Amino acid sequence: MAPPSSPDTREQILHSAAELFSSQNYATVSVDVLARKAGITKMTVYHYYKSKDSILLACLRDRLAQREAVLDERFRRKAATPAALLDFFAWMEEWAAKNGYRGCAFVKAVNEAAEHLPEVRTVAGEAKTLLRERMKRMARECRLTHGETLAEELALLLEGAQSLSFVEQNGAPIRNAKRAASKLIAQAQQGSR
């Protein structure tokens, strides 16, 4: 007999899996380990998800939905100004300052699982595209010269800073990228006058 369906159990599985996939190599996390961490049986895990791969994909989609909700809330109250574009760097620095920062979950998943699970690359690509598109919309609303190109450059700075911040385990790369972004934005503002 299958266990009763519960959104709480599904969330418990995703939360436990996200922690394990973040702190360990994907290949080393077994469904047995995941079930123990979630405090449920392996059979219960399989009631909700058909495989470890489906759990990883669900974790990535959940992470993306959470990130988009955070950014929606963060920018909902902000006017689209050139200075607001710098807030992407502040957001990233806050995220990286959290205890146990392990870099980008999407990049990690691509590195560890995309070879046998190509859908990981699709979800990761969507995450990167959504962030760039958000930056492009803001740059257009600011009426900056070459706003779309500027947004692409800012996104590259942000992505690179995120990676280097993870490697160095400090926020200095993000702060440096923010300074470089500020210069690019200032140049775009002068070109808009």
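Analyst: Glutamate 68 touches Leu130 and Arg134, leaving out residues up to four places away in sequence; contact means heavy atoms within 4.5 Å. The model is predicted, so local features need pLDDT of at least 70 and side-chain atom pairs count only at pLDDT 80 or more, whereas totals for chains, interfaces and linings use all residues. Residues are numbered from 1 along each chain as its sequence is written, and side-chain values use heavy atoms, with hydrogens and water left out.

User: Why is glutamate 68 called buried?

Analyst: Buried means under 20% relative accessible area, exposed over 50%, and partly exposed in between, with a 1.4 Å probe and protein chains only. Glutamate 68 has a relative accessible area of 14%, and is therefore buried. This residue lies in helix 4; helices (H or I, at least four residues) and strands (E, at least two) are DSSP runs, numbered from the N terminus.

User: What makes alanine 177 buried?

Analyst: The relative accessible area of alanine 177 is 7%, so this residue is classed as buried. Alanine 177 belongs to helix 10 (residues 172-192). Apart from neighbours within four places in sequence, its contacts are Phe89, Leu157 and Ala161. Its C-alpha atom is separated by 36 Å from that of glutamine 12, 165 residues apart along the chain.

User: What makes a set of residues the largest nonpolar core, and which of them have the most contacts inside it?

Analyst: A nonpolar core is a set of buried Ala, Val, Leu, Ile, Met, Phe, Trp, Tyr and Cys residues joined through side-chain atoms within 4.5 Å. The largest such core has 33 residues, and those with the most contacts inside it are Phe21, Ile55, Leu56, Phe106 and Val120. Two or more residues come from each of helix 1, helix 2 (31-38), helix 3 (42-48), helix 4, helix 7 and helix 8, and helix 4 gives the most, with 7 residues. Isoleucine 55 touches Ile13, Leu14, Ala17, Phe21, Leu34, Val45 and Tyr49, residues up to four places away in sequence not being counted. A second, separate core has 28 residues, including Ala84, Trp91, Leu131 and Ile185.

User: What makes a space a pocket rather than a cavity, and what volume has the largest pocket?

Analyst: On a 1 Å grid over the protein atoms alone, a cavity is a set of points where a 1.4 Å probe fits but cannot get out, whereas a pocket is an open set with protein on both sides within 12 Å along at least five of seven lines; lining residues have an atom within 4 Å of a point. Grid points are joined across faces, edges and corners, and a volume is the space filled by probe spheres set on the points. The largest pocket holds about 620 Å³. Its lining has 26 residues, of which Ala18, Glu19, Ser22, Arg63 and Ala105 lie nearest its centre. Helix 1 supplies the largest share of this lining, 7 residues.

User: How do you know that the chain is predicted with confidence, and what is its mean pLDDT?

Analyst: pLDDT is the predictor's confidence in each residue, from 0 to 100. The chain has a mean pLDDT of 92, and 95% of its residues reach 70 or more. Among its elements, helix 5 (residues 82-85) has the lowest mean pLDDT (88) and helix 2 the highest (97). Where pLDDT is low, predicted coordinates should not be read in detail.
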